Amino acid sequence: MNDITTPPAPCAPEDVRRIACVGAGVIGGGWVAHYLARGYDVTAWDPAPDAEHKLRRLVDAAWPALTQLGLAEGASPDRLTVTATLQEAVADAQFVQESAPEKLELKRDLLAQLDAAAPAGVVIASSTSGYPMTDMQTEATDPGRLVVGHPFNPPYLIPLVEVVGGDRTAPHAVTWTSRFYEVAGKSVITMASEVPGFIANRLQEALWREALHMVANGEATVKEIDDSITEGPGLRWAFMGPMLTFALAGGEGGMAHMLDHFGPSLKSPWTRLEAPELDKELYDAVVAGCDDAADGRTIADLVAERDQGVIDVLRATGRLPQQRTAQEDTK
Ligand SMILES: NC(=O)C1=CN([C@@H]2O[C@H](COP(=O)(O)OP(=O)(O)OC[C@H]3O[C@@H](n4cnc5c(N)ncnc54)[C@H](O)[C@@H]3O)[C@@H](O)[C@H]2O)C=CC1
Ligand SMILES: C[N+](C)(C)CC(=O)CC(=O)[O-]
């Protein structure tokens, strides 16, 4: 990466007070909720006619979960301003989070517009799920301040953000962004280079492809796939990653014995790896399977259930303060 044109960011990550979120759907809205709960002033812009209504509904739905996690002093949904133009949204911003649809041309054009409108030196982070910043920063005048900050849904509950620059990103912009996210309460992996799919999505993608192959071939139902993770490996993955988990499969011999014992089965033809054809039959089977699995619960019901589940897991694994008991509360 080359340090090209970007001057030092106008303020230290610790001093950021005003954030602009551009694109306010599932992820942009989730970022808005997160930043509001952390006590920032947030401006948002989204071209959809009903965007403000949807965004405020998303923030209201997330607020009970955020209240359980603990709000920063002064945090309030009232500190959100939805602007009529992109330029107004970013005019006074000290950090910009872009969460527009995953279309390369759109991202290129939008990042160039944001670069033209945002104050000099302010970092602009893209929530992209997989485009390398090198491919998205091509139209910007100051590509040095463009960084990937890839979140996980919902950004107001899942701690991880993957941070990586492109070929023309200034190294200090990457460092600044990682520090900013830490200050804003995220758990950050700063990637040394642009790996296709970043780290976590690359792993998720392998699982996702195999799941789709199994549905397409009638080898497993949508419910069996989901149960196989929630009743199995998913329980371990909440607090111990796949590497260390498998080291324990080697007993006292650890990973070395695990590799000696099970290494040969790596050559077994278990996985297909190539993406399956997402034809209508597979598409319909996956959608219908999810409708069955929802069993009458609406998306809003499932979001509330997921939010509570994530909070319970974070608390149970010591990543949140323990809930006070009613007895403690009366002392
Ligand atoms: N949905 C997910 O689970 C995750 C998505 N992401 C990434 O976040 C980004 C946004 O994805 P979602 O929120 O899921 O999509 P979404 O479809 O829910 O929201 C996209 C929003 O962008 C708005 N939009 C359309 N054109 C725009 C433009 N030119 N400028 C600004 N906003 C515009 C739309 O009106 C919409 O509200 C994508 O890059 C995606 O890859 C990252 C992590 C997880
Ligand atoms: C489905 N997705 C590729 C957009 C998911 C992500 O990018 C991260 C997540 O939330 O799992």
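Q: What makes two strands count as paired?
A: Two strands pair if DSSP finds at least two bridges between them. In this predicted model, β7 and strand β8 (residues 187-190) are joined by four bridges and run parallel. Leu160 has Ser187 in β8 as its bridge partner.

Q: In what sense do β6 and β7 pair?
A: Strand β6 (residues 146-150) pairs with β7 in the antiparallel sense, over four bridges. His150 stands opposite Glu162 in β7.

Q: Why is β7 described as largely enclosed?
A: Buried means under 20% relative accessible area. Five of the six residues of β7 (residues 160-165) are buried, so the rest of the structure largely encloses this strand.

Q: How should I read helix α6?
A: An α-helix has 3.6 residues a turn, so residues three or four places apart point the same way. Helix α6 covers residues 171-183. Its 13 residues reach 19 Å from first C-alpha to last, close to the expected 18 Å. Ala173, Val174, Trp176, Thr177, Ser178, Phe180 and Tyr181 are buried in α6. Just after α6, Gly185 takes a positive phi of about 90°.

Q: Which residues surround ligand 2?
A: Ser129, His150, Pro151, Phe152, Asn153, Asn201 and Gln204 surround ligand 2. This shell has two nonpolar, five polar and no charged residues.

Q: Where are the polar contacts to ligand 2, and how much of ligand 2 does the protein cover?
A: Look for N or O pairs within 3.5 Å. A side-chain N or O atom of Ser129 is 3.0 Å from an oxygen atom of ligand 2. For Asn201, a polar side-chain atom lies 2.8 Å from a ligand 2 oxygen atom. For Gln204, a side-chain N or O atom is 2.8 Å from an oxygen atom of ligand 2. The protein covers 53% of the 330 Å² of accessible area that ligand 2 has on its own.

Note on methods. Residues are numbered from 1 along each chain as its sequence is written. Chains are lettered from A and ligands numbered from 1 in the order in which they are written. This is a predicted model: local features need pLDDT of at least 70, side-chain atom pairs count only at pLDDT 80 or more; totals for chains, interfaces and linings use all residues. Side-chain values use heavy atoms; hydrogens and water are left out. A residue is near a molecule or strand if one of its heavy atoms lies within 4 Å of it. A polar contact is a pair of N or O atoms within 3.5 Å; within protein, one must be able to donate a hydrogen and the other to accept it, and residues adjacent in sequence count only if both atoms are side-chain atoms. Accessible areas come from the Shrake-Rupley method with a 1.4 Å probe; for residues, only the protein chains shown count as cover. Ala, Val, Leu, Ile, Met, Phe, Trp, Tyr, Cys and Pro count as nonpolar, Asp, Glu, Lys and Arg as charged, and the others, Gly among them, as polar. Helices (H or I, at least four residues) and strands (E, at least two) are DSSP runs, numbered from the N terminus. The expected span of a helix is 1.5 Å times one less than its number of residues. Buried means under 20% relative accessible area, exposed over 50%, partly exposed in between (1.4 Å probe, protein chains only).
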